[in-house]
Amino acid sequence: ENLNEKAGLTAKFQLTGTERRLPKHVEVIAFRGIQQLISNARDNLGADEMQVVLDVSANQVRAVVEANGRGFDPNVALDRTQGDSPLQNLLDLRERVELVAGTLEIFSTEDQEGSRIEIILPYSD
């Protein structure tokens, strides 16, 4: 609701699985990661509609951010040898996710509209 009001976005949030507290480091990485993905979609890809799905299972959290806006080729946008790109901050997010044995997957191409980025964070209680 806050995003819809302040940022001029149409954002939908869906929680699936079991709502519960997670290990602190998983909560922080998931929350900050989702914030970063939303900001990237809005600021760097021109998205004005997005959907965030957070699925909490017994041993992992899966966060998916799908947004309209421009698509991009991750192999080019994230390659530092090809110049600077504002999307290269996804490399930092990927590193943080991988530090806790998680994964970050990007589904986008230059010739499509929009993108889908998924973060999976495993955990144990």
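A salt bridge is a side-chain nitrogen of Lys or Arg within 4 Å of a carboxyl oxygen of Asp or Glu. Keep that cut-off at hand as you work through this predicted model.

**Exercise 1.** Find which residues are linked with Glu118 in a network of salt bridges.

*Solution.* Start with arginine 62: its closest N and O atoms to glutamate 118 are 3.5 Å apart, and the two form a salt bridge. This pair links distant parts of the chain, with arginine 62 in strand 3 and glutamate 118 in strand 5, 56 residues apart. Next, take arginine 116, whose side chain meets that of glutamate 118 at 3.2 Å, N to O. Put together, Arg62, Arg116 and Glu118 make up the network.

**Exercise 2.** Now try the salt bridge of glutamate 27 and arginine 21: is each residue buried or exposed?

*Solution.* The two side chains meet at 2.6 Å, N to O. Glutamate 27 is buried, with a relative accessible area of 19%, whereas arginine 21 is exposed at 63%.

**Exercise 3.** Work out which element gives the largest share of the lining of the largest pocket.

*Solution.* The pocket holds about 520 Å³ of space. Among its 21 lining residues, Phe13, Ala30, Phe31, Ile34 and Leu54 are the closest to the centre. Strand 1, helix 2 and strand 2 each give two or more residues. Helix 2 gives the largest share, nine residues.

Definitions and conventions. Residues are numbered from 1 along each chain as its sequence is written. This is a predicted model: local features need pLDDT of at least 70, side-chain atom pairs count only at pLDDT 80 or more; totals for chains, interfaces and linings use all residues. Side-chain values use heavy atoms; hydrogens and water are left out. On a 1 Å grid over the protein atoms alone, a cavity is a set of points where a 1.4 Å probe fits but cannot get out, and a pocket is an open set with protein on both sides within 12 Å along at least five of seven lines; lining residues have an atom within 4 Å of a point. Grid points are joined across faces, edges and corners, and a volume is the space filled by probe spheres set on the points. Helices (H or I, at least four residues) and strands (E, at least two) are DSSP runs, numbered from the N terminus. Buried means under 20% relative accessible area, exposed over 50%, partly exposed in between (1.4 Å probe, protein chains only).
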